[in-house]
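Q: I would like to learn how to read cores and cavities in a model. Can we work through one?

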Amino acid sequence: KVLAAAGIKVVVSARSLGKLESLVSEIEAAGGIAKAVKCDVTDGAHVKNLFAVAKEAYGGVDFVFANAGFEGRQADLTELEDWEIKQIIDINIYGYQITLKYALPELRASKGAIVFTGSVAALVPRHIMEGAADAVKKVITYSITKGANDYLARAGIVFASEGIRSYGILPGAFETKMLQNIVEQQSMESTASMAGFNPVYGFGTVREPSVGDPKDIGNVLLAMFDNSTTYKVGTTVLADNDITIAAEVFYGQLHTPNPDGSGPYTFPLGENTIRDFRGNPVPAKKDEL
């Protein structure tokens, strides 16, 4: 909707047409131009057809948003069936690779841009692993694929000499179908239960944590497409609704110190609160961290 409102002719795709056709109707009612195409990104023939339809409809492809993704079942790796692991990898890695394959000829002609959706899960720093190991174990395959997506966006810089711009967006918890699926698997009441992952602190103002609005992702995407962004080609951008901006709050939620106060991290951060793997303090000031 954000892209169409900006005047971009949009092709939307997914595995089923129902919701896509409703979306096209909404875009057209608002004065935009859109077309729906059924596409399963794990099938190269589908992806090839997607680009063929877009080219036939609009004469070429200027921009590509590789956004298909699958979270999989939230379970320990040893509990997942082999086919479940493969399904996550097929959608999240193979799907992006095959999308890039068929996008390249069009983007070479248009000197356009491609953006890949990653995730803050691609970062999964040691802080999170130590503080929420049980949770990380349940999404390790997904996190690995998001790390691959992050690399793919950066590796896209090799096509810069051909005039193609490649970027990545790493979202946090946003109001999406994927988030709804995760909430249901974890028996939460609503996606609002995930708001704690987004502790938002404005300039001098504190507002309630909230789940991100997808239109904010759309605006970042638009800046990348119309080349008004100052981000260099190959950059991956944390459009994460402040998960990592308010890092001390986020990590505080994911890491609970031991009852005796020991452990590698203490919140809020201050001098000598970070310790190395031997338990010795690492002198540092918060603003240096």
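The dialogue below goes from the overall fold to the cores and then to the cavity.

Q: What does the secondary structure of the protein chain come to?
A: This is a predicted model. The protein chain has 10 helices and eight strands. Of its 289 residues, 39% count as buried.

Q: Among contacts with a separation of 6 or more, how many join residues 24 or more positions apart?
A: In the protein chain, such residues account for 68% of those contacts.

Q: Which residues of the largest nonpolar core touch the most other members?
A: In soluble globular proteins, nonpolar side chains tend to be buried together. Here the largest nonpolar core holds 24 residues, and Val64, Leu100, Ile114 and Phe116 touch the most other members. Helix H3 (44-58), strand S3 (63-66), helix H4 (82-110), strand S4 (113-117) and H7 each supply at least two residues of this core. H4 gives the most, with seven.

Q: What is Val64 in contact with, leaving aside its neighbours within four places in sequence?
A: Its partners are Phe51, Thr99, Ala103, Leu107, Ala113, Ile114, Val115 and Phe225. Val115 belongs to a second, separate core of 21 residues, which also includes Val10, Leu20 and Ile169.

Q: How many cavities of 30 Å³ or more does a search of the whole structure find?
A: Rolling a probe the size of a water molecule over the atoms shows where empty space is left. The search finds one cavity of that size. About 40 Å³ of space lies in the largest cavity.

Q: Which residues line the largest cavity?
A: The lining includes Glu71, Arg73, Leu77, Lys137 and Tyr142. By class, the lining has six nonpolar, one polar and four charged residues. Helix H7 (residues 140-155) supplies the largest share, three residues.

Methods. Residues numbered from 1 in each chain as written. Predicted model: local features only at pLDDT ≥ 70, side-chain atom pairs only at ≥ 80, totals over all residues. Heavy atoms only, no water. Helix = DSSP H or I, 4+ residues; strand = E, 2+ residues; numbered from the N terminus. Buried < 20%, exposed > 50% of the residue type's maximum accessible area, 1.4 Å probe, protein only. Contact = heavy atoms within 4.5 Å. 1 Å grid on protein atoms, 1.4 Å probe; cavity = no way out; pocket = protein on both sides within 12 Å on 5 of 7 lines; lining within 4 Å. Points joined across faces, edges and corners; volume = space filled by probe spheres on them. Nonpolar A, V, L, I, M, F, W, Y, C, P; charged D, E, K, R; others polar. Core = buried A, V, L, I, M, F, W, Y, C linked by side-chain atoms within 4.5 Å.
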